[in-house]
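This report walks through one protein model, with the sequence and the 3D structure shown just below.

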Amino acid sequence: MREPRDPKELLEAAADDDQTAWDELESRFGPRMWAVARACGLTETDAADAVQGAWLRLLEHLHTIRDPAGIGAWLATTTRREAMLISRKDLTFAPRLDPVREPDPAAAVLEADSSRLLWKTVSSLEEPCRTLLQLVAADVGYQQVALRLGVPIGSVGPTRTRCLEKLRTLISLQETVQ
């Protein structure tokens with residue numbers, strides 16, 4: 001299996017229309033983008049629109065990304081913004097009953113940092129845990145996870161439990177070191 005490319009190289013290759021670079025970007029960041037869109041309360045269709053919109057924004061800004069190492073956070077933030085745009089459009093058709101709260105910038109920074117550390121830790125896991133947790137976070141059903149991993153559907157739950165335990169252990173070790 002090929003070693004993942006660094007973000008700068010990956011973005012440069014994508015800018016040169018390298019389909020494998022786009023595929024790698026999608027496999028590396030797509031599950032997180034889906035999780036962000038779904039966490040915003042969007043339906044699956046609207047979440048697909050938000051994720052697609054974020055990819056389009058990347059394509060539009062590919063040559064102006066200042067920090068390639070932060071592309072994961074950039075895509076997550078862009079997906080969240082796209083999701084909020086879709087939510088606002090939906091609100092014009094359905095009145096909101098609860099008060100709108102302004103986002104807390106400090107909380108957003110902490111959340112982004114926690115998310116970055118979590119996904120960095122997930123990326124350090126060996127297969128099949130890495131892919132399984134990305135798919136589960138993207139709210140992909142067990143049947144699709146089983147097909148994607150090439151395992152029986154009955155083994156997805158127990159494997160997920162073992163993978164989450166490995167992730168918890170790594171996070172605990174990181175917290176102990178800090």
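Glu 24 forms a salt bridge with Arg 5, and the closest N and O atoms of the two are 3.4 Å apart; a salt bridge here is a side-chain nitrogen of Lys or Arg within 4 Å of a carboxyl oxygen of Asp or Glu. This pair links distant parts of the chain, since Glu 24 belongs to helix α2 and Arg 5 to the segment before α1, 19 residues apart. Helices (H or I, at least four residues) and strands (E, at least two) are DSSP runs, numbered from the N terminus.

The model is a predicted one, in which local features need pLDDT of at least 70 and side-chain atom pairs count only at pLDDT 80 or more, while totals for chains, interfaces and linings use all residues. Residues are numbered from 1 along each chain as its sequence is written, and side-chain values use heavy atoms, with hydrogens and water left out.

**Around Arg 5**

Arg 5 counts as buried because its relative accessibility is 7%, where buried means under 20% relative accessible area, exposed over 50%, and partly exposed in between (1.4 Å probe, protein chains only). Glu 24 is likewise buried, with a relative accessible area of 16%. Arg 5 also forms a salt bridge with Asp 18, the closest N and O atoms being 3.3 Å apart; here too distant parts of the chain are linked, with Asp 18 in the loop between α1 and α2 and Arg 5 in the segment before α1, 13 residues apart. Asp 18 is partly exposed, at a relative accessible area of 24%.

**Another salt bridge, and the count**

The count of salt bridges comes to seven, among them one between Arg 168 and Glu 165. Arg 168 and Glu 165 both lie in helix α8 (residues 156-177), three residues apart, about one turn of the helix. Salt bridges that share partners join Arg 5, Asp 18, Glu 24 and Arg 28 into one network. Three of the pairs are set out here.

| Salt bridge | Closest N to O distance |
|---|---|
| Glu 24 and Arg 5 | 3.4 Å |
| Asp 18 and Arg 5 | 3.3 Å |

**The loop between α1 and α2**

Asp 16 is found in the loop between α1 (7-15) and α2 (19-39), and Asp 17 lies in that loop as well. Asp 16 counts as exposed because its relative accessibility is 64%, and Asp 17 counts as exposed at 67%. Phi of Asp 17 is near 65 degrees, a positive value in a residue other than glycine.

**Backbone and overall picture**

The peptide bond from Glu 127 to Pro 128 is cis, with omega near 5 degrees, and Pro 128 lies in the loop between α5 (105-124) and α6 (129-137). Most residues other than glycine have a negative phi, and most peptide bonds are trans. The protein as a whole has eight helices and zero strands, and 33% of its 178 residues count as buried.
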